[in-house]
Amino acid sequence: LHGSEDDGVIRTYAGTLGGALATMALTMISSTSKSFLDQMKRGFEKSCPPDPKGYQSSSQLQKRVAEYKSRFGVDLEKITTFDTIREIELARNCCVHENGKLTDDYVEQTRQRIVGEGGYINMTPEIMDERMNCFWK
């Protein structure tokens, strides 16, 4: 990947083909988990209808967590790999909305497993080879 220098920080993410591919990969993975959870909800529309007032939260992911807890008594945050789902979705948000720069939500709510030098989401092959196995532990 070609980096650019800004205030002495080398960024290997923003504005590169690799950055675009990373964003696409994170978006696809995030969309898959959202679709799965939404599909599961639709199967219970009659037996466990949603609250007409909705589910208030600061993010779509937290809204989904609140809905599952309220409607089905399922705490998604207690699922073994939920921290990975959260990290992927928040990393996707960093890439799509902040050009790869870490958001406070990402920093505060994840283990920051795909952060490269300079504090940006980094999905280079080296980072992924080194850290990918930890996603599923």
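Trainee: How many helices and strands does the secondary structure of the protein come to?

Mentor: In this predicted model, the secondary structure comes to five helices and two strands, and from the N terminus on the elements run β-β-α-α-α-α-α. Of the 137 residues in the protein, 35% are buried.

Trainee: Why is Cys95 called buried, and why is Cys48 called partly exposed?

Mentor: Cys95 has a relative accessible area of 5%, and a residue counts as buried under 20%, so Cys95 is buried. Cys48, with a relative accessible area of 23%, lies between the cut-offs of 20% and 50%, and is therefore partly exposed.

Trainee: How do you know that Cys95 is in no disulfide?

Mentor: A disulfide is a covalent bond between the sulfur atoms of two cysteines. By the rule used here the two sulfur atoms must be within 2.5 Å, whereas the cysteine sulfur nearest to Cys95, that of Cys94, is 6.6 Å away. For the structure, the count by this rule comes to zero disulfides.

Trainee: What makes the contact of Glu67 and Arg71 a salt bridge?

Mentor: Their side chains meet at 2.7 Å, N to O, and the cut-off for such a pair is 4 Å, so Glu67 and Arg71 form a salt bridge. Both residues belong to helix α2 (residues 60-72), and because they are four residues apart there, about one helical turn separates them. Glu67 is buried, and so is Arg71. The two residues also take part in a network of salt bridges that links them with Asp38, Lys41, Glu45, Arg64 and Glu89.

Trainee: Why is the pair of Asp83 and Arg113 still called a salt bridge, with the closest N and O atoms 3.9 Å apart?

Mentor: The cut-off is 4 Å, and the closest N and O atoms of Asp83 and Arg113 are 3.9 Å apart, so the pair counts as a salt bridge. This pair links distant parts of the chain, since Asp83 is in helix α3 (residues 82-98) and Arg113 is in the loop between α4 (104-109) and α5 (125-135), 30 residues apart.

Notes. Residues are numbered from 1 along each chain as its sequence is written. This is a predicted model: local features need pLDDT of at least 70, side-chain atom pairs count only at pLDDT 80 or more; totals for chains, interfaces and linings use all residues. Side-chain values use heavy atoms; hydrogens and water are left out. Buried means under 20% relative accessible area, exposed over 50%, partly exposed in between (1.4 Å probe, protein chains only).
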